[in-house]
Amino acid sequence: MEITITPGKIDVLAVSGTIDALTAAEITASFNKHIHDGHPDVVADFSNVEFMSSAGLRAILASVKEARAAGGDFRLACPQPAIDKLLKMAGFHNIVKIFPTVQDALASFGD
Amino acid sequence: MKKRLSIVIGSGSILCAASLGLMRALKREGIQVDMSVGCSGGSLYAASIALGWDTETAQSLTVDLYKTDIVEGYTHNLRAAMAGEARFTEASGLVDDKVMLDRLAAAFGEKTFDDTIMPLYVVVTELYSGEAVVFSSGKIVDVTRASSAIPMVFPPVKIGDKLLVDGAVSNPLPIDVAIKEGSDVILAMGFELPTRKRMNSYAAVTSHFNNLYMNNILKSSFAFYNAAHHAELIPVLPAFDRPIGGFDHHQLPYIIEQGERAAAEQIPYLKRLLAESS
């Protein structure tokens, strides 16, 4: 699992690899550190996430809560179909803003 | 310490046969299951796994069970019930359950939960309260029959002092049972029921709304269990690219293949997870 940060008005955190019980703690720590370093608004680019388990879902939820508690928001962009199916099944589309592209996610912060 | 692996098979009628593909994938990888949980159609496969049956034996159960004669008389009796010509109460069903019961009896005989090679839990619903009842003892044929009692289609089943219907009414994917019984890793195979674009009869509209309710219960409960569980929950969600009717047993090879395919996607992670000490 790797996280690449593209700085901007809103930073984009691109995740690649798997988000599961073996990587969830690391990803939560990275996301939360970024949020508390003065970037409460975050777009997570999931286009290169190949696999996600329930631990991955809980990691996302933890970061969403952290960002919102810091006055910002954590938004997801371009999950692969299998990941998106899991997000829908777990009700994440109801509580997290999820967009088909990174551009859409970035633009949504201007709303 | 070895992680305790459970398999949970939800409701989904003949689609539940996809769990045979999951078992095939696990067997190929030499992965042992420690606990089996099921409800509704999934209870039949949960039982067959817990009894240690091979997939061929479980597949022949499916072929025998899902023949149209198990719902013989449905349309005629539905018309009679709608017209008020036939008395209908909470203890009624539109279909005589004799054929279904005979088929289950032929498959499971006198076997009880004590005959299983791993713990087996089957979820059924108490008709009056709507509460889930979890069985871990008794005759398998009685409990699977009760868990498969589609409301109004098949009559409810009385076990002890409880009148019981389909487990899917209260808990279409009983992950909570595996959580409560101490699983570390849970493979959960669930199925969204098909919905319709066009409906030309009362029965079709009823079926459509029923499936919407069921799918929403499935998603809500999955979301809750996912958020609440401390260990790892691995959903195995087969994708079907064609409509499959409740009695399309000629589609069995395809259903099983899709189950195996969905399982194969999870196997690498499952192996890594099980290799880690708990």
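In this predicted model, chain A and chain B bury about 1500 Å² between them, and 64% of that area lies on carbon and sulfur atoms. On the side of chain A, the residues that lose the most area to chain B are Leu22(A), Arg58(A) and Met89(A), which together account for 43% of what that side buries. In terms of contacts, 17 residues of chain A meet 21 residues of chain B.

| Interaction between chain A and chain B | Count |
|---|---|
| Salt bridges | two |
| Residue pairs in polar contact (both at pLDDT 80 or more) | eight |

One salt bridge joins Arg58(A) to Glu232(B), with the closest N and O atoms 3.8 Å apart. Two or more residues of the side of chain A that touches chain B come from each of helix H2 (54-69) and helix H3 (81-89) of chain A. By class, that side of chain A comprises nine nonpolar, four polar and four charged residues.

Within chain B, a pair of helices deserves attention. The axes of helix H1 (residues 18-28) of chain B and helix H3 (residues 55-65) of chain B come within 10 Å and cross at roughly 175°. Because angles over 145 degrees count as roughly antiparallel, H1(B) and H3(B) are therefore roughly antiparallel to each other. H1(B) contributes Leu20(B), Met23(B) and Arg24(B) to the contact, while H3(B) contributes Thr55(B), Ala58(B) and Gln59(B). The residues of this contact divide into three nonpolar, two polar and one charged.

Notes. Residues numbered from 1 in each chain as written. Chains lettered and ligands numbered in written order. Predicted model: local features only at pLDDT ≥ 70, side-chain atom pairs only at ≥ 80, totals over all residues. Heavy atoms only, no water. Contact = heavy atoms within 4.5 Å. Buried area = accessible area lost by both parts, 1.4 Å probe. Salt bridge = Lys/Arg side-chain N within 4 Å of Asp/Glu carboxyl O. Polar contact = N/O pair within 3.5 Å; in protein donor to acceptor, adjacent residues only side chain to side chain. Helix = DSSP H or I, 4+ residues; strand = E, 2+ residues; numbered from the N terminus. Nonpolar A, V, L, I, M, F, W, Y, C, P; charged D, E, K, R; others polar. Axes fitted to C-alpha atoms, helices over the stretch in contact; angles between N-to-C directions. Parallel < 35°, antiparallel > 145°, perpendicular 65-115°, else oblique.
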